Amino acid sequence: MDQALQVIFSATFIAAVLRVSTPILLPALGGLISDLGGVVNIALEGIMLTAACAGVLISVATQSEWPGLLAGVVMGVLMALVLAFFHLNLKADLILAAIAINILASGGTIFVVFLLTGDKGSTSALVSKQMPFVEIPIIKDIPVIGPIVSGQNLLTYVAFIAVVLVAVFLYRTRAGIHLRAVGENPEAARSVGINVRAQQYLALGLSGLLAALGGVYLSMGYVKFFARDMTAGRGFIALAAIFLGGKTPWGTMIAALVFGAAEALSVQLGNLRIPNQLVQMIPYVATLVALVIYALVQRQRAIARQRKFRQTQTVAVGS
Amino acid sequence: MPTASDSAAAPLIEMRNITKIYPNGVLADNDVSFEVRAGEIHALVGENGAGKSTLMKILYGMERPTSGQIYLRGAPVTIHTPHEAIALGIGMVHQNFMLVPSFTVAENIVLGTEPLRGAFVDKRAAVAATASLAQQYGLNVDPEAVVDVVPVGMRQRVEILKALYRGADVLILDEPTAVLTPQETHELFAAIRQLVNAGKTVIFISHKLREVMEISDRISVMRDARMVGTIDKRNADEHLLAKMMVGREVFLNIAKPPVQRGPVVLKVRDLEYATEAGVEALKHVSFNVYAGEIFGIAGVEGNGQTELVEVIAGLRAPLGGVIELEGKSIAGLPPRGVRQAGVAHIPEDRLTNGVALESSIQENLIVDRYEREPFTRGGFLRPSEVARNGEVLIEQYAIRTPDGALPVGSLSGGNMQKVVVARELSSRPKLLIAAQPTRGVDIGATEFMHEQLVKARNAGVAILLVSADLSEVMSLSDRLAVMHAGRIVAIFPTTNGLTEEEVGLYMLGTKTMTQAEIERNW
Amino acid sequence: MQATLPTTPSFDRAAERARVQRERRRTAMIDVLVTLGTIALALLVGFLVMLIVGKDPILAYSSLLGGPLSRTNRTGRWIEDATTLIILGLSVSIPFRARQFSLGAQGQMFMAAMIAAVIAIYVPMPPLVAVLLPLAAAMLAGFLVGLLPGLMKAYLNANEIVSTLMLNAVVVLLYDFLLTNVFTPPGSQSLRSEAIQAGSMLARFTTLLGVNLGRANLAVLFAAILVVAVWALLNRTPFGYEIRTIGANEKFARYGGINTRRAIALSFAIGGAIAAVAGVHLVLGVHQRLIPGIAAGLGFEGIVVALLARNNPLLIPITGLFYSYLRVGGDIMEQEAAVGTEIVLVIQAVIILLLTAQVLVNYVKSRSRPVRET
């Protein structure tokens, strides 16, 4: 137990939390935008997977990380736009279409990898470039904070900066305000001349962009190869993070960090001779428990609001 | 005061030969021509489904006409989106408010054309613009209040300001008084006159003839997707308009024999409820409904009537108080328990939630009894019995369909309505709750509904009637209660001699009966 | 009876009824055509993909489309796979009818496989009981694994997609853990449990018929029984009425007195119990022991089977046979033409996308509408 506590409070652990939160936070922010736009994106998982695969393959082909990043993002946005097209133009059920996109991504990536490498498991035979890690001058020399904040992957910084950008976008810019208006009352938005479909394309496109960054981070930040189904449910954990975060950017970030901590913990505990399958369960169990707790808290709050009214009313009548 | 001159003024708006056929084949407008002069208040009247809303949606760019042409100041224009309508100076205030609930009043008013400061939306400028606009037209609003919590009257002013903020010269008001008390309606009319004085033109959609006669300069009447004609108010009266609207004389008086009041069926005492959002909806509501009477509840919508109905029907759980049906408590029971105790419920949103559109007519008719004999026996459903029940009710209530196995969605609105009524009345209830029974239906269906309610009353059913239509609730009810802000503020032992103005004062909360007076009339 | 509402004389009910029935037959025909067209289009997409990646699509497609019938053991694989997919499709169709996106079939199968195997390996039983007891226990387990997300959805409104997928991950890891640490006998070279007792094994057609039909087995009977049972459940029981009504309009169902929460939770759970039968098929019929990833890759297969059949249990055998034909063909194609069997997943995704695209379907319908007499 002591060992476990030591692990949790070490700087390396906190740095690890930031590292493993990144591929949850990025798609979660994307999912948040899509949800507020009224078109919650269940295909985050597939989009991440596609981007992760495209990123590695292009990076291998060009022997440079930047074209890989670009290819990943382009493919991710493209997948999101396919989803948008089927839902918004062809009126396909959003959830079923998204499930199809996830299947397409899972099958398509393995198909392509097998075609190119003859190996179905991963591209580990191919050497990919990695997104750069950034040492921040001055900060890196501060004890405790230095090893946590500095030396992370570029995309980790991007993820946390994205929280601010998404918040500013949603609440301060015209596009963001229109997007939220569309999500809350599409008729109202339409009646003042806002193009509802365009806003929802934007919402899904942005969710694709952010999820794709998360995918590229998985294959070119975390590691240097693509492995089949390497997203391992992060796209869905991201969805849970949105709900738990109360559908706000900051709340979503905190929820992503909680899930990140659960996963980081599972990695650390793995060093303590606990069977690794049980340890690997932690993030999933955490998500399930979090879903339940969230729902219970919501209900409790509603009851409390009702009760509060009742008490004040009784007082008023009594007086 | 620039009133509409007789003939010299060129029309500001002219819609020529407009026809609209919806993709599902419904002919909403059939070769309709319509013109509006600058500076007039032009009423557009007709029954529900006559095509007036569709015509206005076409003018506002929300629907495209199948054929026809719109002219603005004599020049042909195409209006394909609300955006284009706004650019041409046409604004619309919809019947269902088009507001974003979590946004503030100011945010709603500037939505779509927000003032910018650099790359960002300038919220302070939005508040300032809202305040000055409100002052200019005498439309009082709180710019920084969140729309979700402001009263209905203010929401309507927000809608009007929204159109004005966009530079509207022509304002289309779609049934603006439907949710207002008589007093609020007077305020609205004052505001409309002020707008016209400021050079605006107003198109006023309504089917309330008295209001139309009060406010408008000219009146256009639609019926069955066609334009019947346009007349000057000076040459019109309510009877003439009614005749134009329905093509025959209408008798709005409802014939019913004197009340034969039986024992108490529904007893409600100290009923309390708050929504999950913490909004207090019902405060110590108490009343009785007796067998064989229609007990009406009047009130402006949003004063707790919806919650009252849903709490009694078991769709919401009360926080406190007593609900008894023939002496047995039904408070907090689920809908099935309430129904089995003998309550039937014609819900206000019946065309969306009183039926399942994809399910067959037969199956819609058994939702409250499918698990009992004869529909279920030995654990199995019996389709032959389900079909037989369907045939009987289709026949009895004259539901117009070739086959009871068809989905309810294949029926017209009026026939869907009959499906709901047929099911609820055939359950042989002790208490029938009818919520807004004639909302969204035409005069024919209204008559049908009224007759059914009176017939059930004469047969000894206790009827709780909730309606925002004051003339309906006053002419149907044997006794009348008024709700305001979640309370019963008055119970009248009879509706004889009551005036709408008198009831309106209670609806607004200006007058309240004492507790003792109310209790005397329980 | 209603004097005030005379039926319009022009309304000829019998003629209208005949017209409606004609219309209905025509719609059904179009549905079939749309489905077949969708499948053809999806296969074409797969064909084009192979053309683009420079594979020989003719060779690939002849293995894909001819493979399962080229040898009896391959046909056996088809029957075996179809059994699983039909059961899975039936399992999914119940929550889908209630418009609940339960994606928990994978976890339910793994859990069921485990429970069935434990009993079939370790508990000595007389014949028949040796099959029925593991089956019943596994179905109970599947029921419970389905019930949990069902309760979460019905009573807490927790997103069922997230909860079922998370639960799948947990169950699969648990399976892996127990297989590694408990079920694999000490000293065993490979990761697998002992074989189940002979009495628990579902007889294979190879032994019954003397033809090499691989591992196809009597679980086909389970599938056949379930087709009828699920049809009866949905169309001939009050519970089925509840499910269908909730799927059509949940608020209406609640208003009408249906206990919607109970019915929704049960739809998940019954779906789970049926998915469990697929897991039992894998353990008692196909593998006759626990192996790693026993139900891997079957997660979403039930969805396409159910969707193709429009959630109609009577059509699910047809769509299940069709889709497993493609899957087995895909495996053969991979061996013979070196084209990854995952192309079948791509085809599956295209089928789902096209079938759910209302505009496309309606377009086809409107184009095929005959000229109205009126």
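This is a predicted model: local features need pLDDT of at least 70, side-chain atom pairs count only at pLDDT 80 or more; totals for chains, interfaces and linings use all residues.
**Entry 1: where chain C meets chain B**

I began at the interface of chain C and chain B, where the rule finds three salt bridges (a side-chain nitrogen of Lys or Arg within 4 Å of a carboxyl oxygen of Asp or Glu). One that I looked up joins the side chains of Arg244(C) and Glu363(B), at 2.7 Å from N to O. On the chain C side, the elements that give two or more residues to the touching face are α1 (13-52), α8 (219-236), α9 (238-248) and α10 (250-255). Helices here are DSSP runs of H or I with at least four residues, strands are runs of E with at least two, and both are numbered from the N terminus. I noted that the residues of this side of chain C divide into 10 nonpolar, 11 polar and 10 charged.

Residues are numbered from 1 along each chain as its sequence is written, chains are lettered from A and ligands numbered from 1 in the order in which they are written, and side-chain values use heavy atoms, with hydrogens and water left out.

Back at the interface, I found 31 residues of chain C in contact with 46 residues of chain B (heavy atoms within 4.5 Å). The two chains bury about 3,400 Å² between them, 53% of it on carbon and sulfur atoms; buried area is the accessible area (1.4 Å probe) that two parts lose on being put together, summed over both.

**Entry 2: aromatic pairs**

I then turned to rings, and the structure holds 11 aromatic pairs over all chains. Rings of Phe, Tyr and Trp (its six-membered ring) pair if their centres lie within 6.5 Å; planes under 30 degrees apart count as stacked, over 60 as edge-to-face and the rest as tilted. Phe492(B) and Tyr506(B) are edge-to-face, with 5.4 Å from centre to centre and 80 degrees between the planes. Phe492(B) sits in strand β24 (residues 487-492) and Tyr506(B) in helix α17 (residues 500-508) of chain B, 14 residues apart. Both Phe492(B) and Tyr506(B) are buried (under 20% relative accessible area, with exposed over 50% and partly exposed in between; 1.4 Å probe, protein chains only).

I also looked at Phe47(C) and Tyr61(C), an edge-to-face pair at 5.3 Å and 80 degrees. Phe47(C) is in helix α1 and Tyr61(C) in helix α2 (residues 57-66) of chain C, so the pair ties together parts 14 residues apart in sequence. Phe47(C) is partly exposed at 24% relative accessibility, whereas Tyr61(C) is buried at 8%.

I found a cis peptide bond from Glu373(B) to Pro374(B), with omega near -5 degrees. Pro374(B) is in the loop between α12 (361-364) and β19 (376-377). Arg73(B), not a glycine, has a positive phi near 50 degrees; Arg73(B) lies in the loop between β4 (67-72) and β5 (75-77) and is exposed at 53%.

**Entry 3: Ser34(A)**

Last, I checked Ser34(A) in helix α2 of chain A, which is buried at 0% relative accessibility. Its neighbours, leaving out residues up to four places away in sequence, include Val39(A), Ala203(A) and Ser207(A).

Note on methods: Ala, Val, Leu, Ile, Met, Phe, Trp, Tyr, Cys and Pro count as nonpolar, Asp, Glu, Lys and Arg as charged, and the others, Gly among them, as polar.
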